[in-house]
Amino acid sequence: MRETVKPVPEPTPEPSEPSEIVAKRSYPLPATIIICLVLLLALFGGQGREAGVTSDAQGIGFVVGWALGGVILWGIAWLVTIRHASRGWKWGSLAIVTAVGLLTGLVRLI
């Protein structure tokens, strides 16, 4: 009777670089807090409290501009750390930053 020999599985190769071992970490909460603080600190910048807005359309554009500034800052944070987070953190942090941008724009307008 002939015996069949099972092939021995080859051992898995060890990763050559340590970067393959380390999982990518994400820090969306600190990134969101830092962005909100930057937006809030921007309220104290400038020469005066008056925004120089003379019409309603300019006011809307001013507030949307603040929100867009927050979204741009969020995009930078996304490139650094938020992109590795879960989908809920991504959308949640974007919503928070946009809301803070809108509110700071409204406060600066008043």
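## Basis of the model

The model is predicted: local features need pLDDT of at least 70, side-chain atom pairs count only at pLDDT 80 or more, and totals for chains, interfaces and linings use all residues. Residues are numbered from 1 along each chain as its sequence is written, and side-chain values use heavy atoms, with hydrogens and water left out.

## Overall fold

The protein chain has three helices and zero strands, in the order α-α-α along the sequence. Helices (H or I, at least four residues) and strands (E, at least two) are DSSP runs numbered from the N terminus.

Of its 110 residues, 23% are buried, meaning under 20% relative accessible area with a 1.4 Å probe, protein chains only. The accessible surface (Shrake-Rupley, 1.4 Å probe) is about 8600 Å², and carbon and sulfur atoms contribute 67% of that.

## Helix 1 against helix 2

These two helices pack at about 145 degrees, their axes 10 Å apart; axes are lines fitted to C-alpha atoms over the stretch in contact, and angles run from 0 to 180 degrees between N-to-C directions. Ala31, Ile35, Val38, Leu39 and Ala42 of helix 1 meet Trp66, Gly70, Leu73, Trp74 and Ala77 of helix 2, where contact means heavy atoms within 4.5 Å.

## Helix 3

Buried residues in helix 3 are Ser93, Leu94, Val97, Val100, Gly101, Thr104, Gly105 and Arg108. They pack against both helix 1 (28-42) and helix 2 (56-80).

Notes. Buried < 20%, exposed > 50% of the residue type's maximum accessible area, 1.4 Å probe, protein only.
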